[in-house]
Amino acid sequence: YIPQGICIGRKLLGKLVKVEVKKLEGFHSRLMSDGRLYIPKAVAEKFNLKENDLIVIKGNVNGKNLERICKTCLRKRRNKVEYFCIFSRDYSGLEGVFQVKRKLTKGKLSSILKFVLTNVNYGKLDKERIIVFFTKKKPIVISSKLKINNDLVYYLGCYFADGTKRGGNWGIVASTFEQANFYLKMHKRLILNPDLHSYISVTSKKPVDKDELIKKWKGKCLIEIENVRVRRTDKHPRKINPYGSLILKEYAQSIQLFYRRLLEYTIQKIVKEKNRKLALNFFCGVLEGDGSPSSYPPGSILVASNKNDVKILEKMLEICGLKFRKEKISNKISIRVNALTILKEIEILSKKIFKYYPSRRKKLVERLCKVGAVRFILGKQDYCSYWVRIWLRNNGILDKNYELTSRGLRIKNCLFRMIDETKGGKIE
């Protein structure tokens, strides 16, 4: 039998034709209007296909070689079972030759991936990559060697503070070039098939040169900027970021669902294990995204939150052993960590706090240098309050003679290093 379309298209009816026969690698089929491709029963049985199995299919349609990873669907009609998948809506109604290359296996997963991929359809592409279908739409590709480490926990803290956790898209906001580069690097480590979109949001009292802003961000972050959104304000220029913020987005709910599960696993792991190191990294990430050095009392830090997220932050701070207090400002709840608490943990915090926000890090150092206990340790004043000296002695910074201990000397060197790095904190 010769297909009707070929006979009519070539006007073959009643003509003498030469027929060449050769073995076909695969099967011939037409794609339905919704992109559906029916798979022959013999092929389905060969690969032992079941509902929701992921298969790699190659096809040649209109002379184009295509490859898709599709989810197998089964439908029972009368006394037979039909096997099909959605191959591509872009080529609906067209005929082609298709070949099922292989069925993806699931294999063993690490504890983190078991949690993240619970009740989710996935398959291993190779030893390094896993394709995941969180939704019926676009799948995401992630690393099969995903592990919790300090950088990831810090990044998830940033996402917890300044990322999109609701709705149908994924997004995160970077206020500095350093933050943007860090976020881009970490996102590309997590999502191996990223489709990032970016635009600048800037608040200004004066007209904005959009081309100059795009040029600046593109040069610093090597990323294409799609748009610049300007919001006019009457605020003082010192309180406005002159370069605005870079908003990174992925228009895929599956990425947001992946991030939320990864964040949930990380928080549970830290709380369950009471892992102080990871808790400190998480809290410093939150500060990076939504924290600020407070002008009063000097040297303290403030992070704004809501009534749900603040409970998680409280747990993290308790695990860290950092003293704090809650304050209600407008309709938000803020957490304040005072200067002495920061001083006590400065050896750890100095490498993490506002790591990718240079102006806030500099401001924190400048304000810390106004604190009496800090000035006493740095040798810039030979006195401090009696209760402060007792506190410094009780925390191993001063000995019984109120001289710096070995730990006190390390803290002193750490403070001087922060001053040098930020080129701030002028001490008079």
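User: Which residues of α15 are buried?

Analyst: In this predicted model, local features need pLDDT of at least 70 and side-chain atom pairs count only at pLDDT 80 or more, while totals for chains, interfaces and linings use all residues. Residues are numbered from 1 along each chain as its sequence is written, and side-chain values use heavy atoms, with hydrogens and water left out. Helix α15 covers residues 406-422, helices being DSSP runs of H or I of at least four residues, numbered from the N terminus. With buried meaning under 20% relative accessible area and exposed over 50%, partly exposed lying in between (1.4 Å probe, protein chains only), the buried residues of α15 are R407, G408, I411, C414, L415, M418, I419 and T422.

User: Why do the buried residues of α15 line one face of the helix?

Analyst: The arc is taken over the directions from the helix axis to the C-beta atoms. The exposed residues S406 and D420 are carried on the face turned away from the buried side of α15. The buried residues line one face because, seen down the axis of α15, they fall within an arc of 135°.

User: Which helices do the buried residues of α15 pack against?

Analyst: Contact here means heavy atoms within 4.5 Å. By that criterion, the buried residues of α15 pack against α10 (339-344), α11 (346-349), α12 (358-368) and α13 (372-377).

User: Which residues touch the most other members of the largest nonpolar core?

Analyst: A nonpolar core is a set of buried Ala, Val, Leu, Ile, Met, Phe, Trp, Tyr and Cys residues joined through side-chain atoms within 4.5 Å. Among the 100 residues of the largest such core, those touching the most other members are Y155, F258 and Y259.

Definitions and conventions: Helix = DSSP H or I, 4+ residues; strand = E, 2+ residues; numbered from the N terminus. Expected span 1.5 Å × (residues − 1).
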